[in-house]
Amino acid sequence: MSPSVLICDDSNMARKQVLRSLPEQWKTSVQTASNGAEALSILRDNSVEVLFLDLTMPGIDGIGVLQGIQKLKLNCSVFVISADIQPEMQAKVKALGAKEFMRKPVKADILLNHLQQHGLL
Amino acid sequence: MSEFHLTEDQQDCLQELINIAMGQASDQLARYLDTFVYLKVPSIESVDAKDLIQTLSQQQNTMAIVSQGFFGYEGIRGEALLAYQEEDSGRIADLLGYEPDELSQDEQLIDISSILTTTFLNVFARQIDNQMSYNAPKLLPMVQNSLLDHLQQMTFNWDVALKININYQVTDYSFNCNMILLIPETAILNIKKVLDRILADF
């Protein structure tokens with residue numbers, strides 16, 4: 001069974017980077033969003049199980065999405081993939097419920113490793 | 001559309017490379033100052049260099065500007081300008097925890113600018129399999145036209161420039177630094193080639 005996946009990043013290239021790092025069988029059930037507001041509306045209406053989330057985005061940023069997920073009490077596993085690698089930011093996203101923080105550009109082996117660690121593979 | 005204009009894909013690709021570079025530069029700055037740096041989405045635009053330099057020159061009496069030239073392989077080069085509000089530049093000494101007399105305010109500004117510029121550009125270069133060399137950073141005198149004079153001494157053609165603007169906000173100290181990268185036109189064409197090479201992989 002492949003879970004329903006959402007990739008949220010304002011960069012098309014970054015979304016493709018995440019997409020091609022995913023396990024082959026997951027690639028059929030992927031949605032994308034290019035900003036936080038779009039992500040939240042997809043999250044609200046669908047049952048997204050795994051979210052790959054960028055932080056620095058125009059409008060509602062990744063922190064805003066994490067706060068929205070908490071507020072809406074959504075049950076989805078969030079993996080933050082960001083260039084903002086400051087330790088304080090990594091701690092902040094974990095405190096807001098993210099499973100893992102991965103630095104950009106994302107590497108397929110690291111991503112797959114994290115999915116395994118969290119029992120998603 | 002001018003040959004110096006970036007396509008949507010090129011712009012997207014460049015922006016992502018910049019995001020990664022500014023993320024690491026701000027991490028360095030945060031460690032150096034032992035604080036958190038708030039990042040915004042950078043802006044990238046082609047500008048008429050004359051207009052830009054004029055605008056900057058007009059603001060210059062309120063800003064301290066440190067300028068540093070950079071050049072890599074494949075004709076990639078430009079000038080990095082680090083702009084600080086005048087009132088902030090006085091506060092940098094406190095931030096860095098230097099003793100008075102240890103290092104002049106000017107030297108501190110140059111120090112911090114060089115950390116940001118070289119970290120940013122080294123990370124940027126690594127992503128495109130390039131390597132940068134740098135001129136010595138220079139604090140421009142806060143007088144009318146010093147920026148204009150400085151940029152006119154460059155050997156490149158500045159009619160059109162790619163302007164990349166990155167804002168580093170140190171919220172704890174309400175201290176702001178603007179990094180402006182100016183890429184002259186021949187270097188834009190060279191960057192476009194590099195971006196196309198990366199995009200061909202996707």
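This passage describes chain A, its contact with chain B, and one helix pair within chain B. The model is predicted: local features need pLDDT of at least 70, side-chain atom pairs count only at pLDDT 80 or more, and totals for chains, interfaces and linings use all residues. Residues are numbered from 1 along each chain as its sequence is written, and chains are lettered from A and ligands numbered from 1 in the order in which they are written.

Chain A contains five helices and five strands (DSSP runs numbered from the N terminus, helices being H or I of at least four residues and strands E of at least two). From the N terminus, their order is β-α-β-α-β-α-β-α-β-α. The C-alpha atoms occupy a box of roughly 30 × 30 × 25 Å along the principal axes. Of the 121 residues in chain A, 40% are buried (20 or more other C-beta atoms within 10 Å of the residue's own, with C-beta atoms placed from the backbone).

UniProt, in an unreviewed entry, assigns the feature "domain: Response regulatory" to residues 4-119 of chain A; such annotations may be inferred rather than shown by experiment. This span is 42% helix and 19% strand, and its end C-alpha atoms are 15 Å apart. The annotation "modified residue: 4-aspartylphosphate", also from an unreviewed UniProt entry, covers A:Asp54. A:Asp54 is located in the loop between strand E3 (50-53) and helix H3 (62-71) of chain A. It counts as buried because it has 29 C-beta neighbours inside 10 Å. Leaving aside residues up to four places away in sequence, A:Asp54 touches A:Cys8, A:Asp9, A:Asp10, A:Ala14, A:Gly62, A:Ile81 and A:Ser82 (contact: C-beta atoms, placed from the backbone, within 7 Å).

The contact between the chains takes 16 residues from chain A and 16 residues from chain B. On the side of chain B, helix H1 (8-33) and strand E1 (37-39) each give two or more residues, and H1(B) gives the most, with eleven residues.

Within chain B, H1(B) packs against helix H7 (residues 185-199) at an angle of about 90°, with the axes 9 Å apart (axes are lines fitted to C-alpha atoms over the stretch in contact, and angles run from 0 to 180 degrees between N-to-C directions). H1(B) and H7(B) are therefore roughly perpendicular (65 to 115 degrees). B:Asp9, B:Gln10, B:Cys13 and B:Leu14 of H1(B) meet B:Lys192, B:Leu195, B:Ile198 and B:Leu199 of H7(B).

Definitions and conventions: A residue is buried if 20 or more other C-beta atoms lie within 10 Å of its own, exposed if 12 or fewer, and partly exposed in between; C-beta atoms are placed from the backbone. Two residues are in contact if their C-beta atoms, placed from the backbone, lie within 7 Å. Angles under 35 degrees count as roughly parallel, over 145 as roughly antiparallel, 65 to 115 as roughly perpendicular and the rest as oblique.
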